[in-house]
Amino acid sequence: MMNKIKTLVVAFLLVSFASFAQSNDQPLKIGYTNVEYILLQLPESKQIESDLKTHSTQLENQLKNKYAEYETKLQAYEKGAATMDKVVREDKEKELMNLNNSIQEFQRSAQASLQQKEKSLVDPVITKIDKAIKEVAKENGYTYVISNQALLAGPEDGDISPLVLRKLGVDPAKVQQTPEPAAAKPAATQTKPAATSNKKKKN
């Protein structure tokens, strides 16, 4: 669904899938689930995707505007360079270089902004899923809950995903049966970087 969701989920699994306290006379009971799958079934997932698309589009439009400005000034420079005074020409070249650097810096900051936006949207939902998993584990006597992505074999009744979905207010009978593949990375910062003018100075 989102570019960084798997990384965020993996980090969550490493930190949050801990054991649940059991008395020594209780048998070992292990359950498993898929956090990414659960997240994709929640109503919040569509809102997260929509918010990320909006943010990505805003960044992409800003980048396109910067690139259009650069292209316009580059073309004007190339047409008039031969007749420009040396001081004016050098000033125009410096301006083009600064615009080019500005575009590259914007690309870097836009990528960081998109990643931060995604994290801010996904983290609260992951925390909610974490809480639901722990509650389900405690209520059903599971000693451990692990990710099914690390599970090679196991009984079907060990899958606690339906229980977690119910805990989160989602009917398991109405959800997708398999996790969706992650969507393509938002295109906000994929515009081709502006190329610095390599025109030779004309005296």
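**Getting to know this predicted model**

User: Which residues make the nonpolar surface patch of about 370 Å²?
Analyst: A patch is built from residues with over 30% relative accessible area and no salt bridge, joining like charges within 9 Å and nonpolar side chains (Val, Leu, Ile, Met, Phe, Trp, Tyr) within 5 Å. Areas come from the Shrake-Rupley method with a 1.4 Å probe, and for residues only the protein chains shown count as cover. One member, Tyr 144, has a relative accessible area of 38%. The patch is made by Leu 28, Ile 30, Tyr 144 and Ile 146.

User: What pLDDT does the protein chain average?
Analyst: This is a predicted model in which local features need pLDDT of at least 70 and side-chain atom pairs 80 or more, while totals for chains, interfaces and linings use all residues. Residues are numbered from 1 along each chain as its sequence is written, and side-chain values use heavy atoms, leaving out hydrogens and water. pLDDT is the predictor's confidence in each residue, from 0 to 100. In this chain 71% of the residues score at least 70, and the average is 79.

User: In which helix is confidence lowest?
Analyst: Helices (H or I, at least four residues) and strands (E, at least two) are DSSP runs numbered from the N terminus. Confidence is highest in H3, at 95. Where pLDDT is low, the predicted coordinates should not be read in detail. The lowest mean, 49, belongs to helix H1.

User: How far does helix H3 reach from its first C-alpha to its last?
Analyst: H3 covers residues 43-80, which is 38 residues.

User: Is Ala 81 buried or exposed?
Analyst: Ala 81 lies in the loop between H3 and H4. Buried means under 20% relative accessible area, exposed over 50%, and partly exposed in between (1.4 Å probe, protein chains only). Ala 81 has 6% relative accessibility, so it counts as buried.

User: Which residue forms a salt bridge with Glu 95?
Analyst: A salt bridge here is a side-chain nitrogen of Lys or Arg within 4 Å of a carboxyl oxygen of Asp or Glu. In this pair the closest N and O atoms are 2.7 Å apart. The partner of Glu 95 is Lys 73.

User: Which residues are linked in a network of salt bridges?
Analyst: Glu 135 and Lys 131 meet at 2.5 Å, N to O. Glu 135 also pairs with Lys 167, with the closest N and O atoms 3.9 Å apart. The network links Lys 131, Glu 135, Glu 139 and Lys 167.

Conventions: The expected span of a helix is 1.5 Å times one less than its number of residues.
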